[in-house]
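Hello,

Here is the structure I promised to pass on. Please have it open beside you while you read my notes below.

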Amino acid sequence: MYRVGVIGDKDSVLGFTAIGFEAFPAENPEQAERLLRELSEKDFAVLYLTEQYAAALESVLVQFRSRRFPAIIPIPGVQGGLGIGMAGVKQCVEKAVGADILFNE
Amino acid sequence: MARLNVNPTRMVLTNLKRRLRTAQRGHKLLKDKRDELMKQFLDIVRENRRVREEAESLLKSAHSRFLMARAVMNDDLMEEALCFPKMKMTLQASLRNIMSVNVPVLSFDTGNASEGDIYPYGFATTSGELDGAIASFSAAASVLLKLAELEKSAQLLADEIEKTRRRVNALEYVMIPNLQETIKYIVMKLDENERGNLTRLMKVKDMMVEQMRQQRMKEDLEAAK
């Protein structure tokens, strides 16, 4: 049995509580990082992180890349998306194929 | 290409030939693995892209509706309303094996079945905007989980593809040429020894024939006297 968590600024995460995700509001990237490390030791299968924080914590996210759980997924917060999630997908393609073959149209 | 530092003997040659066979077999297998992984990866990553676009647009509308709800409602009331979620997200995670890469498969159950029963509050103190926001969040839930599953799979596969490609290249461009070069060197060396030996034998034979001829001549001379 696994849990799902959402880390981000309060406005972005509060709504998720209604659908059974657990919300962890963070006021700054440092707090988000602390939460991230703490929660990754528990039984969370997925942690959603708002892109505002994901941008600041890129070096931390790299450490979780090869781990199966938790999957840390950047999502747009209330301030709108920064395109980090898409950039992640693109980076993945480049790593595997050696060139970007999906996004070049 | 550098040849390996070995003694040019028949035994080493046999060993090297065996190693070359293994390397070639491994190379072929790894190449097949890489191709199949790539095929699976491309399927997953295309899906990933589509789901991410969908999730982001769903979240955008959910967030804007939620902000609206916050604007018209009192903060305390809002938090109180969301305090006890009715939907209990229970998530089951299993593994799927794609070419010996274990990728996660998430399946979830939200506890309550009925569509109209997602609101964790009474309608007396809350606004209609909040209802709308919650509805759009719950619509996004399954897409978000699908996204998590696909994105993690894509990352794990990408890592594995990179590793496999390195191995294939190491075998193809370093191991196998090195072994072939060394085998060729040993074969040449052995052949050369063989020829050297042969000439030596011929030389010895010539010398012995000459010796015998002179001996016979001497005996003939003595007999003629």
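Is B:Met99 buried, exposed or partly exposed? B:Met99 turns out to be partly exposed, having 16 other C-beta atoms within 10 Å. For the cut-offs, 20 or more other C-beta atoms within 10 Å of a residue's own make it buried, 12 or fewer make it exposed, and anything in between is partly exposed, with C-beta atoms placed from the backbone.

A word on the basis before going on. This is a predicted model, in which local features need pLDDT of at least 70, side-chain atom pairs count only at pLDDT 80 or more, and totals for chains, interfaces and linings use all residues. Residues are numbered from 1 along each chain as its sequence is written, while chains are lettered from A and ligands numbered from 1 in the order in which they are written.

Back to that loop. B:Met99 sits between strand 1 (90-98) and strand 2 (101-109) of chain B; helices (H or I, at least four residues) and strands (E, at least two) are DSSP runs, numbered from the N terminus. Although it is not a glycine, B:Met99 has a positive phi of about 50 degrees. B:Ser100 lies in the loop between strand 1 and strand 2 of chain B, and has a positive phi of about 60 degrees without being a glycine. Most residues other than glycine have a negative phi. B:Ser100 counts as exposed, with 8 C-beta neighbours inside 10 Å.

Now to how the chains meet. In total, 35 residues of chain A are in contact with 45 residues of chain B, contact meaning C-beta atoms, placed from the backbone, within 7 Å. Helix 5 of chain A gives the most to chain A's side, with 7 residues. By class, that side has 23 nonpolar, 7 polar and 5 charged residues. Here Ala, Val, Leu, Ile, Met, Phe, Trp, Tyr, Cys and Pro count as nonpolar, Asp, Glu, Lys and Arg as charged, and the others, Gly among them, as polar.

The axes of helix 5 of chain A and helix 1 (residues 10-72) of chain B come within 10 Å and cross at roughly 170 degrees. That makes the two helices roughly antiparallel. Axes are lines fitted to C-alpha atoms, for helices over the stretch in contact, with angles from 0 to 180 degrees between N-to-C directions; under 35 degrees is roughly parallel, over 145 roughly antiparallel, 65 to 115 roughly perpendicular and the rest oblique. Among the residues that meet there are A:Val89 and A:Ala96 from helix 5 of chain A, and B:Phe41 and B:Arg52 from helix 1 of chain B.

Within chain B, the axes of helix 1 and helix 3 come within 3 Å and cross at roughly 165 degrees, so these helices are roughly antiparallel too. Their contact divides into 41 nonpolar, 12 polar and 17 charged residues.

The largest nonpolar core has 57 residues, and B:Phe41 and B:Leu157 are among those with the most contacts inside it. Such a core is a set of buried Ala, Val, Leu, Ile, Met, Phe, Trp, Tyr and Cys residues joined through C-beta atoms within 7 Å. Residues that B:Leu157 touches include A:Ala96 and B:Phe41.

Finally, chain A has an open sheet of 4 strands in the order 2-1-3-4, with parallel pairing; two strands pair if DSSP finds at least two bridges between them. Strand 2 (22-25) and strand 4 stand at the edges, each with a single partner strand.

Best wishes

Methods: Contact = placed C-beta atoms within 7 Å. Lists of a residue's contacts leave out its neighbours within four places in sequence.
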